[in-house]
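Open the model in a viewer and keep the selection panel at hand. The stops below go from aromatic rings to charged groups and then to helix packing.

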Amino acid sequence: MLELKNVTHIYGNGTKALDDVTLSIPKGMFGLLGPNGAGKSTLMRTVATLQTPTQGAIVFGDIDILQDPESLRERLGYLPQDFGVYPRVSAYDMLDHMAVLKGIASKADRKATVETLLNQTNLWDVRKKAIAGFSGGMRQRFGIAQALIGNPELIIVDEPTAGLDPEERNRFLNLLAEIGENVVVILSTHIVEDVADLCPKMAVIAQGRIELEGAPLDLISRTKGSIWSKTIDRHELDSYSAKYEVISTRLFAGSTIIHILSADDPKDGFEAVDGGLEDVYFSTLAATRRNTAEAA
């Protein structure tokens, strides 16, 4: 179990990137969903001991992360949003080098570790290929391979599917699902489908604050009877946005489908729809923006 209590981080320029974050994250896949700039990466770097929060406490099992970061690093696997590698080095040699850095001194143990990870991430056939020649999906699978060195108990992946094509995304998510059965895996993303497909528990972060937390199906059930849909001409969007609380829009066959949030039947041609996780997410962000505007 990973426990965060009242974690706040304020950068030197006065920006409050995290605002009193409290979370309990059990074993399994946990989705941290939020827009760009919401504080996701700051929170992941903080949990990964790459920066110290301004205040708060973080505990993983019996480890106080802020007091003993080195013990956490021994149990941590981390795939940041952007990770650097030596591009001309082969996947095999790079993993072997990283295994040395992780403290696996025995050559035989490193060989077993590297070969297992290359097979697990479906990179065995390209093990001798320079990483510079990898596709985006292959690079991400290599990133997971390096994060798994040493059998970590806590794995953090930050925006892992951004930029992947659908086939690579599915392959990568299946790999994460296999990994996430026995350890704590935090999936930080702005892609709703990633969380919906993988995570039995999740939280929404916006403007550095946790705005919503729970099981996706439970959160979806809370929207029942409050999500309404209508197909409009795209030129009408501004007038509808002024009249209703529009939480999402999408184009379909040249028209625009809007979803609005309303406790009562808005009439005006709207139809009630069963909300999905995307509606939960967008309605949460809309409420956050509204509360911020009212406070200002």
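How many aromatic pairs does the structure hold? There are four, where rings of Phe, Tyr and Trp (its six-membered ring) pair if their centres lie within 6.5 Å, and planes under 30 degrees apart count as stacked, over 60 as edge-to-face and the rest as tilted.

This is a predicted model, in which local features need pLDDT of at least 70 and side-chain atom pairs count only at pLDDT 80 or more, while totals for chains, interfaces and linings use all residues. Residues are numbered from 1 along each chain as its sequence is written, and side-chain values use heavy atoms, with hydrogens and water left out.

**Stop 1: the aromatic cluster**

Select Y240 and F270. Their ring centres are 6.1 Å apart and the planes stand at 75 degrees, so this pair is edge-to-face. Y240 belongs to helix α9 (residues 237-243), and F270 to the loop between β13 (255-261) and β14 (271-272), 30 residues apart; helices (H or I, at least four residues) and strands (E, at least two) are DSSP runs, numbered from the N terminus.

Y244 sits in the loop between α9 and β12 (246-252), 26 residues from F270. Together, Y240, Y244 and F270 form one aromatic cluster.

Now colour by accessibility. Buried means under 20% relative accessible area, exposed over 50%, partly exposed in between (1.4 Å probe, protein chains only). Y244 counts as buried at 15% relative accessibility, and F270 at 7%. Y240 is buried too.

**Stop 2: charges over rings**

The criterion is NZ of Lys or CZ of Arg within 6 Å of the ring centre and within 35 degrees of the ring normal. Next, select R127 and W124: the charged end of R127 sits over the W124 ring, 3.8 Å from its centre.

**Stop 3: helix packing**

Show α5 (residues 136-147) and α6 (residues 166-179), whose axes come within 9 Å and cross at roughly 10 degrees. Axes are lines fitted to C-alpha atoms, for helices over the stretch in contact, and angles run from 0 to 180 degrees between N-to-C directions. That makes α5 roughly parallel to α6, given that angles under 35 degrees count as roughly parallel, over 145 as roughly antiparallel, 65 to 115 as roughly perpendicular and the rest as oblique.
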